[in-house]
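This report describes a protein chain for a reader who is new to structural work. Please look over the sequence and the model before reading on.

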Amino acid sequence: MVVAIDGPAGAGKSSVARAVARALGFTYLNSGSMYRAVGLLTLRDGGAASEHAEKLDIELGDRVLVNGEDVTETLREPEVSEAASRVATNDRVRSALADKQRELLGDGDWVVEGRDIGTVVAPGAPVKIFLTASPEERARRRAAELGTDVDTVLRDQALRDAQDEGRAHSPLRMAPGAVSLDTTGVTLDDVVQRIVGLVHEAS
Ligand code: C5P
């Protein structure tokens, strides 16, 4: 089965999705890594983002390999985040990556995080979560993770939110039937327990 976890940057998706996958023994998939990989390749090599997406050679696990190169840390750099958000507005990029994701999810049990998993990639997922947190809380978490200041993160975050919510193709929206969870001031453990409970109810 598929557990879809969508929401804006910094809502806590990665920590939550990883912990839920561990608790349930499901495989974790971070769909954002695919957009980041296409952003990185487009920055580095130029050319059409859609071609990079269609030819994408990526291995996703504890480390992320693109064309055999370990790019785990590079993918988290601010320029790559910005490039990812930019290429994510391209509908050919989105269709190519959504196809790859559907292919993976066709088999086995998954916890997938992204922006359009519940709306586009796996609308039939029995458990769909829309994770949110206040902008300040999200920026605080990202700043701590990146070792930068909150104001810079808050500015970049507002730009990425606007891009993610305003794009014509698959904008960030809560999927019909999704459960909205606000993680502001809630412990990771509590959020994970809530989702694990929803999975047990659905299975
Ligand atoms: O989740 P993460 O921050 O790593 O994603 C990087 C960027 O990729 C996001 O800002 C968003 O623009 C894009 N993305 C997307 N759809 C997804 C996952 C990520 O548009 N399913």
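## A buried loop residue

Leaving aside residues up to four places away in sequence, Ala-9 touches Arg-115, Arg-138, Arg-142, Gln-157 and Arg-160, where contact means heavy atoms within 4.5 Å. Ala-9 belongs to the loop between strand E1 (2-6) and helix H1 (13-24); helices (H or I, at least four residues) and strands (E, at least two) are DSSP runs, numbered from the N terminus. Ala-9 is buried, with a relative accessible area of 5%. Here buried means under 20% relative accessible area, exposed means over 50%, and partly exposed lies in between, with a 1.4 Å probe and protein chains only. The C-alpha atoms of Ala-9 and Lys-100, which are 91 residues apart along the chain, are separated by 22 Å.

The model is predicted: local features need pLDDT of at least 70, side-chain atom pairs count only at pLDDT 80 or more, and totals for chains, interfaces and linings use all residues. Residues are numbered from 1 along each chain as its sequence is written, and side-chain values use heavy atoms, with hydrogens and water left out.

Helix H8 (residues 150-166) has 17 residues. From its first C-alpha to its last, H8 reaches 24 Å, close to the 24 Å expected at 1.5 Å a residue; the expected span is 1.5 Å times one less than the number of residues.

Which residues of H8 are buried? They are Val-153, Gln-157, Arg-160, Asp-161 and Asp-164. Seen down the axis of H8, these buried residues fall within an arc of 110°, so they line one face of the helix. The arc is that of the directions from the helix axis to the C-beta atoms. On the other side of H8, Asp-151, Arg-155 and Gly-166 are exposed. The cover over the buried residues of H8 includes helix H2 (32-45), helix H4 (78-87) and helix H7 (135-146).

## Helix H4

In H4, the buried residues are Val-80, Ser-81, Ala-83, Ala-84, Ser-85 and Val-87. Their cover includes H2, helix H3 (49-54), helix H5 (91-105) and H8.

H4 also holds Glu-82 and Arg-86, which lie 4 residues apart, about one turn of the helix. Their side chains meet in a salt bridge (3.5 Å, N to O). By definition, a salt bridge is a side-chain nitrogen of Lys or Arg within 4 Å of a carboxyl oxygen of Asp or Glu. Glu-82 is partly exposed at a relative accessible area of 22%, and Arg-86 is partly exposed at 43%.

## Further salt bridges

By this rule, the count comes to 13 salt bridges. One of them joins the side chains of Asp-99 and Arg-102 (3.3 Å, N to O). Asp-99 and Arg-102 are 3 residues apart in helix H5, so about one helical turn separates them. Asp-99 has a relative accessible area of 46% and is partly exposed; Arg-102, at 35%, also counts as partly exposed.

Glu-137 is buried, with a relative accessible area of 16%, whereas Arg-140 counts as partly exposed at 46%. Elsewhere, Arg-63, Asp-70 and Glu-73 are linked in a network of salt bridges.

## Two domains

The domain assignment gives domain 1 (1-26 + 110-203) and domain 2 (28-108); such bounds come from an automatic or database domain assignment. Taken over C-alpha atoms, the centres of domain 1 and domain 2 are separated by 18 Å. Across the interface, 26 residues of domain 1 are in contact with 24 residues of domain 2.

Domain 1 and domain 2 bury about 2,100 Å² between them, 51% of it on carbon and sulfur atoms. Buried area is the accessible area (1.4 Å probe) that two parts lose on being put together, summed over both. In domain 1, Trp-110, Val-121 and His-169 lose the most area to domain 2, together 30% of what that side buries. The count between the two domains is 1 salt bridge.

## Positive phi values

Most residues other than glycine have a negative phi. Asn-67, in the loop between strand E4 (64-66) and strand E5 (69-70), has a positive phi near 50°. Ser-170 has a positive phi near 45° and is found in the loop between H8 and strand E8 (179-182). At 12% relative accessibility, Ser-170 counts as buried.
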